[in-house]
Amino acid sequence: MADLKVKTLNGGEAIINAEAIEGLRAKISGEVMQTGVEGYEDVRTIWNAMIDHKPGIIIQCRGNNDVITAVNFAHDNELLTSVKGAGHNIAGNAVCEGGLMIDLSLMKSVRVDPETKRAYVEPGATLGDVDKETQKFGLAVPTGINSTTGISGLALGGGFGWLTRKYGMTVDNLVSADVITADGNLLHASEKENSELFWAIRGGGGNFGVVTMFEFALNQLGPEVLSGLFVFPFKHAKEIINKYMEYVNGLTEDLTVWVVLRKAPPLPFLPEDVHGKEVVIMAFLYAGEVSEGERVIDPIRGFAEMHGEHVGPNPFTGWQQAFDPLLTPGSRNYWKSHNFSELSEGVIDVIIEFAGKLPKPQCEIFIASVEGKAKRVAYDAMAYANRETNFFLNVHGRWEDEKDDDHVIFWARDFFEKSAPYASGSVYVNFMSGDETDRVRQAYGPNYERLVKAKNKYDPKNLFRMNQNIKPTI
Ligand SMILES: Cc1cc2nc3c(=O)[nH]c(=O)nc-3n(C[C@H](O)[C@H](O)[C@H](O)COP(=O)(O)OP(=O)(O)OC[C@H]3O[C@@H](n4cnc5c(N)ncnc54)[C@H](O)[C@@H]3O)c2cc1C
């Protein structure tokens, strides 16, 4: 094998000679890959096709020993380093250009203890992997809405989904974690052990080390839940969003209802002439008794005349995959996001204006109401700080062809700017795109300074900088 040039932390290049690579390979149970070898292309490819980075070297880990070896190798050679869970993050920080990528996708076991209601999850697991194992016992951890998303990035940034109003953010359910810090030490972090590290990783992303195991507390759910979609004509959008705002105010925490404005997919329950037309979709999950859910959701039918609905009891694992066909990997994606305490008339007008000029059929505007249990946790209980948020508002630019980049990105940024005056100023770190390094402080608000202190302690050289980076100050 030839020598390798690998990018360093200071922007230069280290020459890693063939002997050193062989030495590394001998210590690793997983794979050591460089460009041209089988598997390299698959491993470096992530969900967002906008990201086309080529790491100088990839270490595909199979366990703690591999991760420790990889971190020490990165540290000793001062290599630019990225960490990949399932590679779903929109910003694409999982893959570095020219540096060392630590890939965790082979470490994906999920072990559930139904007696203690705990799940022990490895970092390469997807939400689908977690749901499959937990639901076997009628248990669940609140995560996100697309089953191919990685548990790692999602949990480390906060994590919310259909169960958040009832059971809190994903991080609210984290009991402990194994973390390999920049000095190659394996630390167990919980409220009792390494508690400051535990505080920091619950929202602070990949800034503090590589998490190799998550212990989650599990909640009772289903396995059958009432869930579904109501689809309304776009012409009634304003009236529907206003009614939605009234409806979710004081709503039972068992119910979560989100709004999506987009062009209608060819869903079988919609008349064919609606396919491809702008619509307002109300998607919901009721996390209590199905019969009670039927009663609670009924008022939604009165929001306006409907194009159609698809509502019924479904296995929770099925509902968790319901949006996967719209969110497949391989498309180009550019997202922007704001948090809101309320959606005022002004922002509703902006939403309707931009949903009326979607630049591509897969683009959408998405409103998620959170509140509930997530909101009752103190903002400084952990790094995740957005507890005042009642709504996340996302603009999802999604398209296929590179030649449309400017057009779609302009639309998304324009929406973002016009909706900004109505927003609360904070942002959910997991929805930030790669060009938003100036918003990291906003994402953490009053918790930012404490995060800097933790960064100074656990990663003073900023080895873990391929993330929404909290910069050390020493
Ligand atoms: C289609 C889609 C739907 C989404 N839906 C939701 C949703 O419903 N709710 C929600 O909360 N979020 C949602 N998200 C955002 C999601 O939480 C983030 O994209 C998350 O980062 C994905 O995690 P990952 O492990 O797949 O990411 P990766 O891209 O693999 O990792 C993201 C970053 O996390 C860090 N990281 C990853 N693994 C580790 C580890 N083990 N140790 C240390 N650092 C690590 C690294 O810095 C890395 O750059 C969605 C994203 C997409 C694209």
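Okay, housekeeping. Residues are numbered from 1 along each chain as its sequence is written, and side-chain values use heavy atoms, with hydrogens and water left out. Since the model is predicted, local features need pLDDT of at least 70 and side-chain atom pairs count only at pLDDT 80 or more, while totals for chains, interfaces and linings use all residues.

When I say helix or strand, I mean DSSP runs numbered from the N terminus: H or I with at least four residues for helices, E with at least two for strands. Strands β1 (residues 4-7) and β2 pair in the antiparallel sense over 4 bridges; pairing here requires that DSSP finds at least two bridges between two strands. Lys7 sits opposite Glu13 in β2. There are 5 residues between the two strands of the hairpin, and Gly11 takes a positive phi near 90°.

Now, which residues of β2 are on its covered face, and which on the uncovered one? In β2 (residues 13-16), Ala14 and Ile16 make up the covered face, with Glu13 and Ile15 on the uncovered one.

Next, the open sheet of 4 strands. The order is β3-β4-β6-β5, with mixed pairing. β3 (31-33) and β5 are the edge strands, each with a single partner, so one side of each has no neighbour in the sheet. From one strand to the next, the twist averages 15°; axes are lines fitted to C-alpha atoms, for helices over the stretch in contact, and angles run from 0 to 180 degrees between N-to-C directions. β5 and β6 (residues 100-103) run parallel, joined by 4 bridges, and Lys84 has Asp103 in β6 as its bridge partner. Helix α3 (residues 64-76) lies across β4 (57-60), β5 and β6, at about 165° to β6. Contact, by the way, means heavy atoms within 4.5 Å.

On to the other open sheet. Here 7 strands line up as β17-β14-β16-β15-β19-β20-β18, with antiparallel pairing. At the edges are β17 (308-315) and β18 (332-340), and each has a single partner strand, so one side of each is left without a neighbour in the sheet. If you zoom in on β19 (residues 364-369) and β20 (residues 391-399), you'll find 6 bridges between them, and Ala368 is paired with Phe392 in β20. Two helices lie across this set of strands. Helix α8 (residues 237-248) covers β14 (224-233), β15 (255-263), β16 (278-286), β19 and β20, at about 165° to β15. Helix α9 (residues 290-297) lies across β14, β15, β16 and β17, at about 20° to β14.

So, the ligand. How many residues surround it? There are 34, and the closest are Gly85, Gly87, Asn89, Phe160 and Tyr428; a residue is near if one of its heavy atoms lies within 4 Å. Helix α5 gives the largest share of the shell, 4 residues. β5 (81-84), α5 (151-157) and β12 (210-217) each supply at least two.

For polar contacts, we take pairs of N or O atoms within 3.5 Å; within protein, one must be able to donate a hydrogen and the other to accept it, and residues adjacent in sequence count only if both atoms are side-chain atoms. A backbone N or O atom of Ala86 is 3.2 Å from a ligand oxygen. The protein covers 97% of the 960 Å² of accessible area that the ligand has on its own.

Have a look at Ser419 in helix α13 (residues 405-419) too. Ser419 counts as buried, at 0% relative accessibility; buried means under 20% relative accessible area, exposed over 50%, partly exposed in between, with a 1.4 Å probe and protein chains only. A polar atom of the Ser419 side chain lies 2.7 Å from the backbone oxygen of Phe415 and 3.2 Å from that of Phe416.

Most residues other than glycine have a negative phi, and most peptide bonds are trans. Gly222 and Pro223, though, are joined by a cis peptide bond, omega about 10°. Asn194 has a positive phi of about 45° and is partly exposed at 29%. Asn462 has a positive phi near 55°, but Asn462 is buried, at 8%.

Key: Accessible areas come from the Shrake-Rupley method with a 1.4 Å probe; for residues, only the protein chains shown count as cover.
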